[in-house]
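Dear colleague,

Here is the structure I promised to hand over. My notes on it follow below.

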Amino acid sequence: MASVNEHIALRVTPLNKLKRTGGLLQGPMARLENVQFSSWIADALPEVLWCTLVITALPREEGLECFRRILRKVAQHKGVLGNRRLEHSKLAELDAASFDLFFVEECKTQSVATALAPLLLLENLPDRAHWLRLLPEVGPDGWDRLADAIAGTFDHQSQAATDCRWFKLTTVAAQGNLFLPASMEERRKEFNEYPDRGDMRTVRPSIRALEMTFRPGSAGEARSQWLDEFWQEGWRKTECLLFNPDEKAKIASHNQLFEQLVELSEELTRHFVETVEHTGVDAKHDSCFGLVFFITHLLFFSLKGVVGQTIPGRIILRAAVECHITLAYLVHHDNPTIWMQYRNYGAGQIKLAFLKRIDEEDVPSFISTELLEQMANHDAWLEFQDIKLGAWANRNLRDMAKDAGEKAFYDRYYDVLSGYVHGNWSAVLHSVYGQCLNPLHRFHRIPMPPRVLIDDAVPDLKKICNLALDKLAHMYPPFKPRLREARSEAAAEEAVK
């Protein structure tokens, strides 16, 4: 059985196949020239609402048979429609007799009339006057039925949407306006006998591809106001249905991990003391242990409450990722100059922050000016210190990761997590918005209160903590303590007995 990742790989272009142009990795479709973007939802679906109602409310074969009967009438009365298609904005241009020629018999069938009745709810429907003459009053569930029709055809590749697109395409064919080369004669027959002829895995994509050539912007097609008015009317007249994607989140228990972390911190402190060679400035020793302790502190506070299952948990994880890459880079080179370069850079940044504060009245509350001055003078009087601008190692984190053999680690974590630190749209989308389940609102996004997330950052923090401990043990062997996999609650209780 194929894995989830293998199924995803079948739907997308892999990263190594994307073309790079400067700082841009181009999507394969974006590289096509002279292509006009067209959306089924925005540029087509509202025009064939009546089709969506038929194909979703009736059994599929009944719906298709309804389409076929209308297509036969189109073929018999080509002159009535001219170049118009059976779309709402075009049907509005017909007189009553011409409209009835195609729909009056269908609307005499109770199931079809009932299916189409929700059209009368739409005050801005271009051809509403025609439908008023033929359809019964809509019941109290009219908006629900209209929403069901949109939901069933919202995905442009769905079976119901493809059926509607087939009808639109074969309407053009019935009018004698679809011209295919002789080499596509078999495809023409497959369209005519749809869905009973040919391999649907190739027929359906062909239908969808050709249908797009008969949308606004193609061959001089003007864009109808109705395409926007439909969605606006649905927005005004129906309520949002908020869906919380994390409503089934369970609060993770990390009691055992907390106990392990306390023990680890004690062991790490002992090892620090045992490996101290002098009490002067030791950039390597202080930085190596300091980065590992910093990661353990990040993990410690992530275990408080539900922090690991919140947005701050992602920001904490991002900090841990950078700490590990920095440590890996330092350990990889293990050069006294580079260890000192790392330390001096930090001292210079503290000095820079302190100097910027001197003439400021409105200063941040998270750190005092006195503490900044104290830290700036920790190694030497700040007047002797330089302030290095730019990256401390003269390279970005990605290059540092490559240099240290940690590129795979970088790729796993960095891109998504950086969004939470920088407020990129990906993080805003995930943390702030939930999805509206109302199809008439196009499944748009609406703000949600702060929430606990299903996914927990703590397991990743624990993994990074152990990776950092491996680096430290390499510099100051031996150090064997690591954070272990937590036992199940039942196993833990059994162990106590």
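I begin with Glu 360, which counts as partly exposed because its relative accessibility is 48%; the term stands for anything between buried, under 20% relative accessible area, and exposed, over 50%, with a 1.4 Å probe and protein chains only. Please keep in mind that this is a predicted model, in which local features need pLDDT of at least 70 and side-chain atom pairs count only at pLDDT 80 or more, while totals for chains, interfaces and linings use all residues. Residues are numbered from 1 along each chain as its sequence is written, and side-chain values use heavy atoms, with hydrogens and water left out.

Surface patches

Glu 360 sits in the loop between helix H18 (336–357) and helix H19 (369–376), where helices (H or I, at least four residues) and strands (E, at least two) are DSSP runs numbered from the N terminus. Together with Asp 359, Glu 361 and Asp 362, Glu 360 makes up a patch of negative charge on the surface. Patches are made of residues with over 30% relative accessible area and no salt bridge, like charges being joined within 9 Å and nonpolar side chains (Val, Leu, Ile, Met, Phe, Trp, Tyr) within 5 Å. Asp and Glu count as negative and Lys and Arg as positive, with His and the chain ends not counted, and the place of a charge is taken as NZ of Lys, CZ of Arg, CG of Asp or CD of Glu. Areas come from the Shrake-Rupley method with a 1.4 Å probe, and for residues only the protein chains shown count as cover.

A nonpolar surface patch of about 330 Å² is formed by Met 29, Leu 32 and Val 35. Of these residues, Leu 32 is placed in the loop between strand E2 (24–26) and helix H2 (40–43), and Leu 32 counts as partly exposed at 45% relative accessibility.

Salt bridges

The structure holds 34 salt bridges, each being a side-chain nitrogen of Lys or Arg within 4 Å of a carboxyl oxygen of Asp or Glu. In one of them, Asp 163 pairs with Arg 60, and their closest N and O atoms are 2.9 Å apart. Asp 163 lies in helix H11 (residues 159–174) and Arg 60 in helix H4 (residues 60–76), so this pair ties together parts that are 103 residues apart in sequence. Asp 163 is buried, with a relative accessible area of 1%, whereas Arg 60 is partly exposed at 32%.

Lys 168 and Glu 211 also meet in a salt bridge, at 2.9 Å from N to O, and this pair links helix H11 with helix H13 across 43 residues. Lys 168 counts as buried at 7% relative accessibility, and Glu 211 is buried at 0%. A further salt bridge, between Glu 190 and Arg 187, has its closest N and O atoms 2.8 Å apart, and both residues lie in helix H12, about one turn of the helix apart.

Cysteines and backbone

Counting as a disulfide a pair of cysteine sulfur atoms within 2.5 Å, the total comes to 0 disulfides. Cys 436 has its nearest cysteine sulfur, that of Cys 240, 4.0 Å away, and Cys 436 is buried at 0% relative accessibility.

In the backbone, the peptide bond from Tyr 194 to Pro 195 is cis, with omega near 0°, and a cis bond also joins Pro 477 and Pro 478, with omega about -10°.

Best regards
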